[in-house]
Amino acid sequence: MKRKSFLIAVALVVAVGLAFTGCSSKGGDSKKAGQEGASKSTESTGAKDSGKQVELRFMDVIPNPDRDAKFQEVIERFNKENPGIKVTLETVPWDQAHQKLVTLGSASSMPDVFVMHQQWNSEFINAKWVVKLDDYLEKFEHKDDFIPYVSSVLMDYDHKQTYGGIYGIPDGLTTHGMFVRTDWVKEIGMELKDLETWDGIFEAAAKMTDPSKNRYGFSYRGGRAGGEQLGMYVYSELGGHLYDKDGNCLLNTPEGIEAFKRYTDLYKKGYAPKDSINWGYAEMVQGFTSGLTGILNQTTEVVAECNKTMDKDTWTVLPFPRGKDGKIYSKADSFYLSIAANSKNPDEAWKLIGYMVKPEVNREICKVNLYIPVMKGAENDPDFTEGPMSGFLRSMNDPGFVRNPYYGYFPEVGEFTESFQDSEIQKYLLGKQSIEETVKNISDYLTKYQQKFMKENPQVPIPDCVAIN
Amino acid sequence: MMNPSYKKKISKGLMVFGRVLILLFFLIIVVAPIYWLFITSLKLPKDIATLDLQYWPKNPTLDNYVALWKSTQFPAYLKNSLLVSVISGVIVVIVSIGGGYALARYRFRMKKITLIGFLVSQMIPITLILVPVFLIFSRLGLNDTLTSLVVLYVILNTPFCVITMQSFFMNIPTSIEEAATIDGCGRMDVLIRIVLPVMLPGIIAVFIFAFIGAWNDLLTGVMLINTEAKKTIPVGLSAYVGQFSIDWGEMTAGGMLALIPSAILFAIAQKFIVEGLTAGAVKG
Amino acid sequence: MKKKNLEPHAFMLPSYILLFGFMGYPLINCIRLAFTNYKIMKPDEVYFAGLNNFKGILSDPDLLMILGNSVKFVVITVFLQFVLGLILALTLKKPFRFRGVYQGIVFLPWAFSGFIIGLTFQWLFNGEYGPINDLLLKAHLITEKISFTGTPGLSLFTVIAALTWAGIPFFAIMILAALQSIPNELYEAAKIDGGNALDMFKHVTIPCIKPTIVITILLRTIWVFNNADLIYVMTRGGPANTSHTLSSYMFMKAYSTLDFGQASALGVLFMFVLVLYVLIFLKITRFNEAGDVG
């Protein structure tokens with residue numbers, strides 16, 4: 001009897017012991033994970049003094065063979081130029097990237113430098129998982145070489161004004177353009193430049209559609225984050241504004257409802273395949289590349305996919321369509337290179353980031369990844385001014401280019417973009433609820449959380465569009 | 001008037017026919033999706049997602065296999081997968097023979113709680129235990145090692161295997177052991193010499209379960225492994241699911257190659273399952 | 001007496017160490033977080049939250065529809081997997097030529113990672129490029145393509161089909177192993193008593209494999225209930241949430257806001273429901289009446 005309870009006791013002690021060490025490690029680490037990079041620099045010099053090589057982990061979140069090879073090459077060069085530092089490349093597939101970084105973040109084990117998606121900014125910055133880079137940037141030799149959009153919108157407006165500091169350096173821009181089937185446009189008797197306005201897009205989508213030939217005008221995205229595509233048209237009708245000064249959402253207005261209706265009619269009137277109600281990224285791209293749909297609203301990276309599967313003279317990329325006021329309501333996003341708060345060597349980590357955004361290195365990386373460089377100089381490079389990439393560059397450099405507002409910075413944004421908005425719109429597409437009800441639900445949701453957020457964070461500007469050119 | 005033996009023949013013939021039909025049914029259901037993946041692995045990118053479906057590739061090619069071999073560390077993935085799956089499978093089998101035997105053949109106080117505890121461990125969604133498990137591994141200095149995967153797979157698969165092993169022990173009438181005990185064999189002797197041979201099919205089934213559990217795991221593999229050379233097959237292949245498109249050609253090529261070890265395992269296991277029966281019959 | 005009491009624990013020790021050692025802390029942590037306000041994005045606002053996390057879950061307007069989906073999803077999937085697995089195992093029991101090869105092939109679905117199965121079935125059921133639509137059209141069984149994943153009601157069934165496909169081998173192998181472990185003497189004894197095939201199935205086969213059947217069904221139910229991967233990959237719960245189950249919907253919600261408190265509460269709630277289910281199931285099937293030799 002005694003022995004039995006002894007064994008049970010042993011098992012319990014093991015369990016509790018582990019529980020205890022686990023708990024205390026968590027507490028300790030979160031305390032250690034200071035927010036300021038500067039406070040850490042003493043530690044890192046310590047590492048250097050001992051003559052030891054500093055090891056850095058760099059994690060990429062959208063791996064593919066070409067991209068991996070380029071990063072590997074750049075890192076090897078960096079390692080050679082900096083004998084005291086050894087960087088290793090790690091990759092995590094996009095679908096699992098967010099969850100992995102969240103897990104690593106909660107466990108204070110993030111890689112020293114990682115590629116952060118724009119949508120993760122508010123999560124990671126609020127969770128204090130990334131380091132403020134303002135001091136480093138101040139001393140950066142190329143700090144004045146960023147193109148104006150990057151410095152004024154992505155770094156100043158999106159980071160400094162919103163979060164009180166810059167927490168990541170953009171590494172390459174991607175913006176939207178309209179991928180079109182040039183041969184289909186010719187067949188319906190329209191000119192390519194007719195498709196540079198939203199009216200032209202709607203007209204062409206209707207004319208191209210011929211279900212008997214298995215042809216549809218538009219690659220509609222009804223699934224994951226499809227609401228964002230719809231939003232791009234809605235903003236062009238609302239002049240790029242989402243909230244009034246009290247945080248009331250402006251979608252639920254006659255113009256807003258009308259814009260919702262016109263866009264969703266692409267699906268409702270059958271200008272998009274029936275299946276597209278549940279399409280996400282991959283499916284809408286596949287719809288276009290396989291010759292099912294004639295128009296696709298997508299970003300620069302998709303050029304690679306089209307190059308691979310389509311005949312060269314059947315497609316091109318047009319600048320993003322203009323709204324009725326002649327402006328282009330679009331966006332240009334970038335991933336950010338960020339330093340983890342748990343990094344023991346933030347100074348060396350910064351060195352790596354600085355190297356990767358150096359004008360010539362950045363342009364080299366962007367060419368492989370099909371991004372627009374964040375540093376000046378691309379406007380003289382034929383790789384960007386000719387061919388499909390030029391459509392994107394023309395969009396971005398257009399005097400009427402307007403960056404659309406974000407939905408907000410409240411924690412529920414993730415739920416809104418990942419599920420709520422899409423399922424509400426799907427309910428309308430399925431005829432389960434009216435357009436008025438749909439827009440009202442979406443609008444009320446945004447108003448509710450934006451107003452709550454404003455009360456708690458009065459210093460953060462209300463999301464609005466930004467015009468820079 | 002029908003001759004009874006004739007009648008028997010007809011019913012036997014019908015039985016055989018029915019059995020063949022059932023076997024065919026399962027074969028078609030199983031093979032169709034795998035066939036689709038297989039021909040996809042032989043297609044050029046432009047032939048993969050087309051409206052004009054190709055049930056045999058118009059331009060058959062081995063490019064995908066070549067690219068897979070060249071651009072990834074597939075041999076390393078394969079080695080890692082085999083290593084963690086086999087080792088964790090063996091450990092799980094040993095642990096669960098002990099646990100299953102105790103649960104099936106003894107009465108003791110903690111039994112009910114233990115059983116419930118094991119079942120509860122299967123109910124915690126894996127995403128919820130990732131962070132604490134990660135912290136434990138950090139403490140032990142096991143981050144980014146194959147050892148951490150082995151340990152985790154053993155933990156994740158043990159509860160099911162112990163319970164299943166218990167059910168296999170319970171399937172065997174206690175009379176077999178009683179007879180042997182009377183003959184003067186010790187308990188351990190009885191277990192190893194009499195019970196385990198009868199149990200072989202169950203042991204093999206449990207091993208397959210643990211092996212496959214480790215072989216197929218994506219989530220914990222992604223979470224715990226960072227270094228390219230330490231990735232397992234599913235982790236390596238998931239890189240083909242990109243942000244904008246899926247590289248079907250190379251992914252399916254990898255999927256097909258990854259099937260080979262499992263197919264061999266299943267075929268060997270089948271042999272053991274049959275032999276287990278005869279061994280049991282002889283000794284019992 | 002003393003010796004006998006120690007024995008089972010000696011056998012159990014490795015399992016105890018593994019389980020309590022590595023699952024103990026995560027479990028305690030999960031229960032603790034369930035009653036804590038713990039949002040990753042607000043690291044400075046961690047406090048005891050009472051039942052708030054649970055209230056947040058139970059007040060969701062779509063809860064009832066999704067609960068119904070869950071029941072449908074679990075019952076249909078487990079039923080199909082079990083019945084088809086049982087039939088396959090029974091058919092495989094007697095030897096035939098090429099049985100080894102046949103078995104090597106027919107168990108293959110088990111050897112695919114979940115994400116590959118999900119992507120493949122999503123493609124097979126695709127409303128435009130899917131071979132299923134194409135073959136149905138060619139066989140003149142339908143006149144226009146069906147949007148499987150885009151139609152409420154149908155989309156959940158694409159997930160069920162994929163999960164069933166992947167799950168049959170599991171049941172088949174487990175049941176087959178149990179069948180093969182039945183000592184031949186039992187059949188011989190039944191034959192001597194003059195039983196026919198059906199009698200033998202009822203009085204020998206079923207009782208002998210019952211523990212295995214009970215346990216596999218029990219655990220499959222738990223796994224299917226908790227399985228959200230395939231839903232994420234194939235339908236993301238769409239269209240309009242009609243293919244969400246409790247675990248896919250709730251975890252998507254909790255994770256997209258990084259509310260770990262709510263996610264943990266959800267885990268605790270699921271565990272509570274599942275423990276109830278297990279207790280009832282074990283009671284009904286009278287599973288735990290183990291024999292004691294010695």
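Which side chains meet in a salt bridge with an N to O distance of 2.6 Å? The pair is A:Asp398 and A:Arg322. A salt bridge here is a side-chain nitrogen of Lys or Arg within 4 Å of a carboxyl oxygen of Asp or Glu. The two residues link distant parts of the chain, 76 residues apart. A:Asp398 sits in the loop between helix H17 (388-397) and S10 of chain A, and A:Arg322 in the loop between strand S7 (315-319) and S8 of chain A. Over all chains, the whole structure holds 37 salt bridges.

The model is predicted: local features need pLDDT of at least 70, side-chain atom pairs count only at pLDDT 80 or more, and totals for chains, interfaces and linings use all residues. Residues are numbered from 1 along each chain as its sequence is written, chains are lettered from A and ligands numbered from 1 in the order in which they are written, and side-chain values use heavy atoms, with hydrogens and water left out.

Strands S8 and S10 also belong to a sheet in chain A. The sheet is open, with three strands in the order S8-S10-S11 and mixed pairing. Helices (H or I, at least four residues) and strands (E, at least two) are DSSP runs, numbered from the N terminus. Strands count as paired if DSSP finds at least two bridges between them. Strand S8 (328-330) and strand S11 (466-467) are the edge strands, each pairing on one side only. S8(A) runs parallel to strand S10 (residues 401-403), joined by three bridges. A:Ser330 has A:Arg403 of S10(A) as its bridge partner. Helix H7 (residues 148-163) of chain A lies across S10 and S11, at about 20° to S10(A). Axes are lines fitted to C-alpha atoms, for helices over the stretch in contact, and angles run from 0 to 180 degrees between N-to-C directions.

Chain C has 12 helices and two strands. Its C-alpha trace spans about 70 × 70 × 30 Å along the principal axes.

Contact means heavy atoms within 4.5 Å. Together the two chains bury about 9,200 Å², 78% of it on carbon and sulfur atoms. Buried area is the accessible area (1.4 Å probe) that two parts lose on being put together, summed over both. Salt bridges between these chains number zero. Polar contacts join 12 residue pairs, both members at pLDDT 80 or more. A polar contact is a pair of N or O atoms within 3.5 Å; within protein, one must be able to donate a hydrogen and the other to accept it, and residues adjacent in sequence count only if both atoms are side-chain atoms.

The contact with chain A involves 38 residues of chain C and 48 residues of chain A. About 3,900 Å² is buried between them, 61% of it on carbon and sulfur atoms. On the chain C side, C:Tyr25, C:Met41 and C:Tyr129 lose the most area, together 17% of what that side buries. Three salt bridges cross this interface. A:Lys128 bridges to C:Asp44, with the closest N and O atoms 2.8 Å apart.
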